[in-house]
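Thank you all for coming; I would like to walk you through one structure, with the model on the screen while I talk. Please keep the sequence in view as well, and stop me if you lose your place.

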Amino acid sequence: MRIRIPGLVGVLLVIGVLTGVPTAQAPVLSQNVVVITIDGYRWQEMFSGAALEYFKRDSNDRPGAMEQRFWRSSPHERRAVLTPFLWNDVATTGQIFGDPGAGSRAHVTNGLWFSYPGYNEMFAGVADSRIDSNRKLPNPNITVLEWLNSRPGLKGKVAAFGAWDVLPFILNTERSGIPVGTGFKPVPAPSTDRERAINELATDLPPYWGYGTLDAPMVYASIEALRTSQPRVLYLMLGEGDEWAHENKYDFYLESAHRSDQFIRRIWDTLQSLPAYAGKTTLLVTTDHGRGATVKDWSDHGRDVPAAENTWFAAIGPSVPALGVRRDVTVTTAQLAATIAAVIGEDFSAVAPKAAPPLPLRR
Ligand SMILES: [Zn+2]
């Protein structure tokens, strides 16, 4: 059967007008934006799930618990079982960038391929050669979070959480005034029993990496902030997976990826349960760097590790048309900053002319 294209387009346009489906020229603004990063989560697992050759077998060559849990024969099944929220929800009602299988790529531009340069790039909107270590250097750059925290209607409405105790320096809290839950204190200024309990939990868990608690108390603190102080811009840094990877523990790395996905779902469900956020909040998810691409070097990253510059993005919310996995488009980590501003109607280029443009969420 032949379809008369002009007629079809006309019908779709009428449907669009009647249902309020946005056209390419009319971006839908969100009231709030939530950003979540999964430190050092590889695009390989993001797009293909678990890799069989990375699992360690016992002396009888039997698959272990995580292999049984996360191994499937097809890459699409594997990624959906590993990060079901990203693939069953975000990929169907939002967008995913960086899938090499769709001819796309996402990558950092800082040339260093480790954490602080990556976080600076994503929040300042441009790589900075002065950020060349993970040392606790107060960020000389104004991040988009700092700038938003000075904007009308947003002042005092920006909050961040992440166990890695370099986060306050990345966001230059002394200058920016952004409250950051970090280290072993997820709630910076606890005032309720629940907030005090979250901070107690953070110190009661094993201090495995010295610099701060595990991810879960930071997630609880984020959810508590959404319920109480209700920031319009919230950033949550998830970091456990990178640590397990550095310890060459693929099982733990995968389990952490799965748990990160469940944490992100919990944040999203919390947003949809609160009138201040439901239906008017966009969620952006990404990573600060990739890792090596082989069994030998997957645990590592940095400029000596080929492929560690590749990343990915996921986005969902009213500012994100349901375009699914984006085909044939290359984006960079630097584009996150302007995107964070753009989805709530702010133009980061006004103060950061060198910042990369927003992600092409409307094609
Ligand atoms: Zn990192």
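What we are looking at is a predicted model, in which local features need pLDDT of at least 70 and side-chain atom pairs count only at pLDDT 80 or more, while totals for chains, interfaces and linings use all residues. Residues are numbered from 1 along each chain as its sequence is written. When I say helix or strand, I mean DSSP runs numbered from the N terminus, with helices being H or I of at least four residues and strands being E of at least two.

Let me begin with the core. By a nonpolar core I mean a set of buried Ala, Val, Leu, Ile, Met, Phe, Trp, Tyr and Cys residues joined through C-beta atoms within 7 Å. Buried, in turn, requires 20 or more other C-beta atoms within 10 Å of a residue's own, whereas exposed means 12 or fewer and partly exposed lies in between, with C-beta atoms placed from the backbone. The largest nonpolar core has 100 residues, and among these L145, L236 and A337 touch the most other members. Helix 13, residues 250-273, gives this core its largest share, which is nine residues. If we follow L236, and set aside residues up to four places away in sequence, we find that L236 touches I36, F161, G162, M218, V219, S222 and I267, where a contact means that the C-beta atoms of two residues, placed from the backbone, lie within 7 Å.

After helix 14 comes G345, with a positive phi near 80°. Helix 6 is mostly covered too, with ten of its ten residues buried, and what covers them includes helix 7, helix 8 (167-170), strand 7 and helix 14. Just after helix 6, G125 has a positive phi of about 85°.

Next, the helix pairs. Two packed helices are described by the angle between their axes and the distance between the axes. Here the axes are lines fitted to C-alpha atoms, for helices over the stretch in contact, and angles run from 0 to 180 degrees between N-to-C directions.

How do helix 10 and helix 11 cross? The axes of helix 10 (residues 193-204) and helix 11 (residues 215-227) come within 9 Å and cross at roughly 165°, which makes helix 10 roughly antiparallel to helix 11. For these words, angles under 35 degrees count as roughly parallel, over 145 as roughly antiparallel, 65 to 115 as roughly perpendicular and the rest as oblique. In this contact, R194, E195, I198, L201 and A202 of helix 10 meet P217, Y220, A221 and E224 of helix 11.

Helix 11 also packs with helix 13, at an angle of about 10° and with the axes 10 Å apart, so helix 11 is roughly parallel to helix 13. On the helix 11 side the contact is made by D215, V219, S222, I223 and L226, and on the helix 13 side by F263, R266, I267, T270 and L271.

Helix 13 has a further partner in helix 5 (residues 84-93), where the angle is about 45° and the axes are 8 Å apart, which makes helix 5 oblique to helix 13. There, P84, F85 and L86 of helix 5 meet D261, I264 and R265 of helix 13.

Finally, the loops. Most residues other than glycine have a negative phi, and most peptide bonds are trans. D61, in the loop between helix 2 (43-48) and helix 3 (65-70), has a positive phi near 60°, and D61 is exposed, with 6 other C-beta atoms within 10 Å. Q230, between helix 11 and strand 6 (233-238), has a positive phi of about 50° and is partly exposed, with 15 other C-beta atoms within 10 Å. W164, in the loop between strand 4 (158-162) and helix 8, is buried, with 24 other C-beta atoms within 10 Å.
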